[in-house]
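Here is a short briefing on one chain. It covers overall shape, surface and core.

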Amino acid sequence: MVNPSRKRLVIGNWKMHGDTAFNSELLAGLRAGVADVPHCDVAVCVPFPYLYQVCSLLEGSGLGWGAQDVSEHEKGAYTGEVAANMLTDFQCQWVLVGHSERRTYHGESDATVASKASAALASGLTPVVCVGETLEQQEAGQTAAIIERQLAMVLALGRDAVARMVIAYEPVWAIGTGRTATPEQAQDVHALIRAKLKAIGAPDVRILYGGSVKASNAASLFAMPDIDGALVGGASLVASEFLSIAAA
Ligand code: PEP
């Protein structure tokens, strides 16, 4: 039975995809189907330039939206960055922080990720803090140590902060590769994360799984006791597929 304080949550990460015509069609498809998944919170995290479009088209729909990154700074001379308050100006509720593509291509450290999560919370956003090991780390048996290290500075923000976050476990080797962790593999890591959350008094934080989630594998992942939903990349660009994941 689903813990009522851990309502299912499915978030789409569009990454660097979309244009106004494509988005319009995708968002119309999501709007049309969201009423069929009342048991699940559904949101999309889109590229910054499309926040206005998403905000206009999804207002009042029951769907949530957000961004894929946020500055750790409140305002100032940070060319190219986007502040948390700018996201709430477009009624964002969610923001991804520490996605593996940000850690890998933009050198984001654990300290930066914690600082971004903190900036998001200060503006009333829910940060979705992403953690996950690479294939090399997994093969070296380092998964637990990597997850613990990536979480440590976030957990150090304290119970009240962490209780307002979402954690996403995304093994890097499963992102965009078509290779999904087995439900048991994912559950093992989710249980480890849950134990850390319990230890600081925030046991009901939602923990999402991410990495090649599709309509065909979602139900078996969601059957695991510590998997509360999914962070979905590729499959979130097709309305019917994304809604089927939410329905699962
Ligand atoms: C992601 O980008 O967070 C992700 C999980 O991508 P995909 O679903 O395409 O593996």
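Buried means under 20% relative accessible area, exposed over 50%, and partly exposed in between (1.4 Å probe, protein chains only). By that cut-off, 52% of the 248 residues of the chain are buried. The model is predicted: local features need pLDDT of at least 70, side-chain atom pairs count only at pLDDT 80 or more, and totals for chains, interfaces and linings use all residues. Residues are numbered from 1 along each chain as its sequence is written, and side-chain values use heavy atoms, leaving out hydrogens and water.

**Overall shape**
- The chain has a radius of gyration (over C-alpha atoms) of 17 Å.
- The C-alpha trace spans about 45 × 45 × 35 Å along its principal axes.
- Contact means heavy atoms within 4.5 Å. Among contacts between residues at least 6 apart in sequence, 72% join residues at least 24 apart.

**Core**
- A nonpolar core is a set of buried Ala, Val, Leu, Ile, Met, Phe, Trp, Tyr and Cys residues joined through side-chain atoms within 4.5 Å.
- The largest such core has 69 residues. Leu30, Val44, Leu87, Ile193 and Tyr209 have the most contacts inside it.
- A second, separate core of 12 residues includes Cys45, Leu96, Val166 and Leu231.
- Leu87 touches Phe48, Leu51, Ala67, Asp69, Val70, Val82, Cys92, Val95 and Leu125, leaving aside residues up to four places away in sequence.

Notes
The radius of gyration is taken over C-alpha atoms; the globule rule is 2.2 Å times the number of residues to the power 0.38.
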